[in-house]
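Subject: A structure for you to look at

Hello,

Here is the structure I promised to pass on. Please open it beside this email, and then read on for what turned up.

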Amino acid sequence: MTYDDTMGDFRAHTAVDFKGNQGDDVVAINDGLVLKVYNDNLYGVVVEIDHGGKLVAKYCGLESATVKAGDSVSINQPIGTLGKIPCESAQEMHLHFETAVDGQ
């Protein structure tokens, strides 16, 4: 459990945060297929990519996305630009990066 300064409570943090600056390119960690692109009230613009081997990554806190569901992406391909994460706005600018293998 970690204390969330924005929300004022303790919660599980199920991601790795990567520091960056607003507008920085966010790139795919590997080749994959874009499953979803959506705006989440807590995490901002989110891009979900199936990277194969049952690995799905969520790139959260984007300002904008340059891909859409159904697009194929290559490793290091820009998928959007870094923006804000509403539920973590008290922290420094960062990418909130979640992964799941076989849904876990």
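In which sense do strand β4 and β9 pair, and over how many bridges? The answer is antiparallel, over three bridges, with β4 taking in residues 25-27. Before you go further, please keep in mind that this is a predicted model.

**Strand β9 and its partners**

One of the facing pairs here is D25 with T81, T81 being the bridge partner in β9. Strand β9 also has β7 beside it: the two run antiparallel and are joined by three bridges. If you look for L62, you will find L82 of β9 standing opposite. Of the five residues in β9, four are buried, and the strand is mostly covered.

**Strand β6, between β5 and β7**

Next, please turn to β6, which spans residues 44-50. Strand β5, residues 32-40, runs antiparallel to β6, and seven bridges join the two.

Why can β6 be called largely enclosed by the rest of the structure? Because six of its seven residues are buried.

**Positive phi values**

Most residues other than glycine have a negative phi. K54 is also exposed, since its relative accessible area is 55%, and the cut-off for exposed is over 50%.

N76 is another residue other than glycine with a positive phi, in this case near 70°. You will find N76 in the loop between β8 (72-73) and β9 (78-82). At 54% relative accessibility, N76 is counted as exposed.

F97 belongs to strand β10, residues 94-101. Its relative accessibility is 11%, so F97 counts as buried, the limit being under 20%. Leaving out residues up to four places away in sequence, F97 touches A15, V16, F18, I29, A57, K58 and Y59. A57 sits 40 residues from F97 along the chain, yet their C-alpha atoms are separated by 7.1 Å.

E88 is in the loop between β9 and β10. Is E88 buried or exposed? With 4% relative accessibility, E88 counts as buried. Its side chain is joined to that of H94 by a polar contact of 2.5 Å. H94 is also among the residues that E88 touches, as are D4, T6, H13, D17 and H96, again not counting residues up to four places away in sequence.

**Salt bridges and a surface patch**

How many salt bridges does a search of the whole structure find? The search finds two. In one, the side chains of E92 and K19 meet at 3.4 Å, N to O. This pair links distant parts of the chain, as E92 is in the loop between β9 and β10 while K19 is in strand β3 (residues 16-19), 73 residues apart. Both E92 and K19 are exposed.

D71 and K68 form a salt bridge as well, and their closest N and O atoms are 3.1 Å apart. K68 is exposed, given its relative accessible area of 53%.

Lastly, please find M1, Y3 and F10, which make a nonpolar surface patch of about 410 Å². M1 lies in the segment before β1 (2-4). With a relative accessible area of 73%, M1 is exposed.

Terms used
Residues are numbered from 1 along each chain as its sequence is written. This is a predicted model: local features need pLDDT of at least 70, side-chain atom pairs count only at pLDDT 80 or more; totals for chains, interfaces and linings use all residues. Side-chain values use heavy atoms; hydrogens and water are left out. Buried means under 20% relative accessible area, exposed over 50%, partly exposed in between (1.4 Å probe, protein chains only). Contact means heavy atoms within 4.5 Å. A polar contact is a pair of N or O atoms within 3.5 Å; within protein, one must be able to donate a hydrogen and the other to accept it, and residues adjacent in sequence count only if both atoms are side-chain atoms. Patches are made of residues with over 30% relative accessible area and no salt bridge: like charges are joined within 9 Å, nonpolar side chains (Val, Leu, Ile, Met, Phe, Trp, Tyr) within 5 Å. Accessible areas come from the Shrake-Rupley method with a 1.4 Å probe; for residues, only the protein chains shown count as cover. A salt bridge is a side-chain nitrogen of Lys or Arg within 4 Å of a carboxyl oxygen of Asp or Glu. Two strands pair if DSSP finds at least two bridges between them.
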